[in-house]
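Hello,

Here is the structure I said I would pass on. Please open it first, then read my notes below.

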Amino acid sequence: WSRWHVCSLFSTLPACKAKVKRWLEGHGYKKNCLLILVLIGTCTAIGDGILTPAISVLSATGGIRVQNPKMSTDVVVIVAVAILIGLFSMQHYGTDKVGWLFAPLVFLWFILIGSLGAFNIHKYNSSVLKAYNPVYIYRFLRRGKSEIWTSLGGVMLSITGTEALFADLCHFPVLAIQIAFTLVVFPCLLLAYTGQAAYIIVHKDHVVDAFYRSIPDAIYWPAFIIATLAAIVASQATISATFSIIKQALALGCFPRVSVVHTSKKFLGQIYIPDINWVLMILCIAVTAGFKNQIQIGNAYGTAVVIVMLVTTFLMVPIMLLVWKSHWILVVTFLVLSLMVEFPYFIACINKVDEGGWVPLAVAITFFIIMYVWHFCTVKRYEFEMHSKVSMAWILGLGPSLGLVRVPGIGFVYTELASGVPHIFSHFITNLPAIHSVVVFVCVKYLPVYTVPVEERFIMKRIGPKNFHMFRCVTRYGYKDIHKKHDDFEKMLLDRLLIFVRLESMMDGYSDSEDFTMSEQKVQRSTNALLMSEKAGSDLSYSSHDSSIVLAKSPTGNNSLTRYSSQTFGDELEFLNSCKDAGVVHILGNTIVRARRDSGIIKRIVVDHLYAFLRKVCREHSVIFNVPHESLLNVGQIYYI
């Protein structure tokens, strides 16, 4: 998954972005094939996030039964389910406060299994070290029996779980992970499995639970506690990785809108997605309670991991060619060597589909259908909105009245477009004979920063001449910012609109064109001055009789008087206040995507029913913007694809 994550980020590299874009746009099938391949790896990785907590916790809690052979398997399953419920229930707290414990626990776990492995090699059979000779691997596979190749599926489990090391690749340098894997993880894994092999040579009837049975009685329960804690840490790593994958898919328009909660002020990647969290918990419990043993879950786990490995290998090819600009001989060598290792494992795991391997395939297919359908229909809907947005020439041609009756009030039109007039607006005024006296297009954008100060959150500019009374407001939020109650949000929009009109009257050289926007630094300084004057007790008053704006004397400061000859400004400010008193309406666009009447039955089912269902269950814009229902107006239009 880590290398797939690199693939999802490579388009942001300036040096190769243009070349990648040309390569993808040359033929449409390239982009579609790459999308399908990435979604396959993504969905299978999500399946890995379901199976890892199940098999890790169930394997760890299985140690209870080793010391109590008469204990029922159901007791072990109940303990595992209880731990899983507790793990998923604590996700909303985040790992910021306890994350410092993870590294020492994992390090202690590797030292434990490495030491146990060395102890078992010395105690039982040191000749097991001959297994490192590749000749024995060749002789083993040369036998050619089907059982030999099937056994590779079990061997696959010896390396699964190590990919969890890369779950937080964005939080650690690559060199740190390389050092940890080379000096700690890899040697300890070799010692652990070699030691278990030495133990099994002597105790052939202890194959199922060789790890716990090979632990000396003196340290059994401390080792059990460490194993359980390590299983929880490994589960947390894959759960966090699943949240990260969903968030990236959400940002790329490949997943329905869900609530994303950031649990850390320091680390951008520490997130919590409530809807996905409970889905993962239900599926983990179903897998744990349904299979009740590690063998079938292990078969499913191996299938998920080997598919992710294959997809990662194929995705490395365009990375090496387009991003790293590697020679084609090196690319072919990498591909051949990787497939020589991964393809036999893939064949071995696929042979166990009926023994539990169907679980990750079913999960991956379900998520793939959801993500591909959502992406396809969302792209079509956005392309329709972009191509059908209204030009300023059309707006200016309508005149100040827009060819309609301008009724008193302010209309906030919510749109995803940061420029231009959305088609939903022309659709609205074409079918209705009236529009509000003041129209403000509101576009909400989320920035990759912790928070955006309130005084810097709103960017306001005018659309068209002044007598059109049309504005655009881009509202910016950080990932930790939350929308306040609708009264506060509405009040902030209105206050920023009034401040914008005041500042506009104070500055020279403004333009009435669509491209007009005031200097951000000037706006910031002036806005801060106005806000500070309000906090200091000043009152910005206006008198229409003397055509001036007076900054009244502050009770705590000196008398400062500033006059601006602005009869026009005074009239507009009074006009805006009267419109605000008349009422505010929030207008939300709702583009409904439908399949054309001549479309096939599969396309009609996918677009008219599946995508419509996903749109219905995902978070609505009115919920995201906290729009009050009593002043909400949904404007719908149908787009046929």
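Start with Gln 196, which sits in helix 9, residues 174-202. Keep in mind that this is a predicted model. Is Gln 196 buried or exposed? Its relative accessibility is 18%. Buried means under 20%, so Gln 196 counts as buried. What does Gln 196 touch, once residues up to four places away in sequence are set aside? The answer is Ala 210 and Phe 211.

Next, go to Leu 112. Helix 6, residues 102-123, holds this residue. Leu 112 has a relative accessibility of 14%, so it is buried too. Leave out its neighbours within four places in sequence, and Leu 112 is in contact with Ala 223 and Ile 226. Also look at Leu 112 together with Cys 188. They are 76 residues apart along the chain. Their C-alpha atoms are separated by 8.5 Å.

Now a helix pair. Two packed helices are described by two things: the angle between their axes and the distance between those axes. The pair to view is helix 5, residues 73-89, and helix 11, residues 220-251. They pack at about 45 degrees. Their axes are 11 Å apart. That angle makes helix 5 oblique to helix 11. The crossing of helix 5 past helix 11 is right-handed.

Which residues meet there? Helix 5 brings Ile 83, Leu 87 and Phe 88. Helix 11 brings Thr 228, Ile 232, Ser 235, Gln 236 and Ile 239. Sorted by class, this contact between helix 5 and helix 11 has 5 nonpolar residues and 3 polar ones. Charged residues are absent from it.

Last, the chain as a whole:

- The protein chain has 22 helices and 10 strands.
- Of its 641 residues, 45% are buried.
- Take the contacts in the protein chain with a separation of 6 or more: 77% of them come from residues 24 or more positions apart.
- The protein chain exposes about 32,600 Å². Carbon and sulfur atoms supply 64% of that area.

Move on to Leu 112 in helix 6. Finish where helix 5 passes helix 11.

Best wishes

Methods: Residues are numbered from 1 along each chain as its sequence is written. This is a predicted model: local features need pLDDT of at least 70, side-chain atom pairs count only at pLDDT 80 or more; totals for chains, interfaces and linings use all residues. Side-chain values use heavy atoms; hydrogens and water are left out. Axes are lines fitted to C-alpha atoms, for helices over the stretch in contact, and angles run from 0 to 180 degrees between N-to-C directions. Helices (H or I, at least four residues) and strands (E, at least two) are DSSP runs, numbered from the N terminus. Angles under 35 degrees count as roughly parallel, over 145 as roughly antiparallel, 65 to 115 as roughly perpendicular and the rest as oblique. A crossing is left-handed if the near helix is turned anticlockwise from the far one by less than a right angle, and right-handed if clockwise. Contact means heavy atoms within 4.5 Å. Ala, Val, Leu, Ile, Met, Phe, Trp, Tyr, Cys and Pro count as nonpolar, Asp, Glu, Lys and Arg as charged, and the others, Gly among them, as polar. Buried means under 20% relative accessible area, exposed over 50%, partly exposed in between (1.4 Å probe, protein chains only). Accessible areas come from the Shrake-Rupley method with a 1.4 Å probe; for residues, only the protein chains shown count as cover.
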